[in-house]
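The following report describes one protein model, organised by structural topic.

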Amino acid sequence: QKVAGTIALSRLLMDYPEAFMVGFSSISSVFGGSMVGAYASANQFLDSYLEQGLSGGARCYGLNWSNWRDTGMSLGLGAAREYLGEMGVRDLPVEQAMHCLQVALNQPPGRMIIGLDAEKNYVQRQMPTLTPVIDLQLFYKVDRNSSGEVIAPLVLSDRYGTSCPCK
């Protein structure tokens, strides 16, 4: 479903140059996971498709989400929810996830991984090049020079339009 939907949407958007595409992916495409191989593969396809679109100049947002609390696939997590939390995969309340979506769509098009806890060793080992944004709820990959300094600093706007540079 996800692969076919991605292709169908991108074909539809070809006729609308002012449009942009937002792909809801999963951190499973980044981390993998037991018993979610097909799901992780479909999300990796989406990530790769959007990356290819970005390199071709398309306006694409690839959002790799952690869990949305009590929604979709997170409905039956049970004890796995605690285990994922210990690894650094946050369980986002829907309202908080919607705020993250709003912030993400106010950034330049690109790929963003949302809902990880950068304080957890597992996340630090897996994602050493990500820079945290907004209370570590949203991550954005930035380019750095050879000495580790951010080349193009990320600036967010709050709900009132006030710019907030991220460090």
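## Strand pairing around E2

In this predicted model, strands E2 and E5 run parallel and are joined by five bridges. Within this pairing, Gly62 has Arg111 of E5 as its bridge partner, and Trp65 stands opposite Ile114 in E5. E2 also pairs with E1, again in the parallel sense, over six bridges.

## Nonpolar cores

The largest nonpolar core contains eleven residues: Tyr61, Leu63, Trp65, Trp68, Leu92, Ala97, Cys100, Leu101, Ala104, Met112 and Ile114. The largest share, four residues, comes from H5.

A second, separate core has seven residues, including Val89, Ile113, Leu116 and Val123. Of these, Leu116 is found in the loop between E5 and helix H6 (121-126). Is Leu116 buried or exposed? With a relative accessible area of 0%, Leu116 is buried, since the cut-off for burial is under 20%.

## The largest pocket

The largest pocket has a volume of about 830 Å³. It is lined by 29 residues, of which Ser26, Ser28, Tyr39, Asn67 and Met73 are the closest to its centre. Strand E1 (21-26), helix H2 (28-31), helix H3 (37-55), E3 and H4 each supply at least two residues of the lining. The largest share, four residues, is supplied by H4.

## Loop between E3 and H4

Asp70 is placed in the loop between strand E3 (67-68) and helix H4 (79-87). Its backbone has a positive phi of about 55°, although Asp70 is not a glycine.

Leu77 also has its place in the loop between E3 and H4. Which residues does Leu77 contact, leaving aside its neighbours within four places in sequence? Under that condition, Leu77 is in contact with Asn67 and Leu84. The C-alpha atoms of Leu77 and Asn67 are separated by 9.6 Å, and the two residues are ten apart along the chain.

## Separations across the chain

Asn67, one of the residues closest to the centre of the largest pocket, also has a C-alpha separation of 9.6 Å from Leu116. Those two residues are 49 apart along the chain.

Asn121 lies in helix H6. Asn121 is exposed, with a relative accessible area of 53%, because exposure requires a value over 50%. Asn121 and Met87 are 34 residues apart in sequence, and their C-alpha atoms are 7.6 Å apart in space.

## Overall composition

The protein chain has six helices and nine strands. Of its 167 residues, 35% are buried. Among contacts between residues at least 6 apart in sequence, 58% join residues at least 24 apart.

Technical notes
Residues numbered from 1 in each chain as written. Predicted model: local features only at pLDDT ≥ 70, side-chain atom pairs only at ≥ 80, totals over all residues. Heavy atoms only, no water. Core = buried A, V, L, I, M, F, W, Y, C linked by side-chain atoms within 4.5 Å. Buried < 20%, exposed > 50% of the residue type's maximum accessible area, 1.4 Å probe, protein only. Pairing = 2+ DSSP bridges. Contact = heavy atoms within 4.5 Å. 1 Å grid on protein atoms, 1.4 Å probe; cavity = no way out; pocket = protein on both sides within 12 Å on 5 of 7 lines; lining within 4 Å. Points joined across faces, edges and corners; volume = space filled by probe spheres on them.
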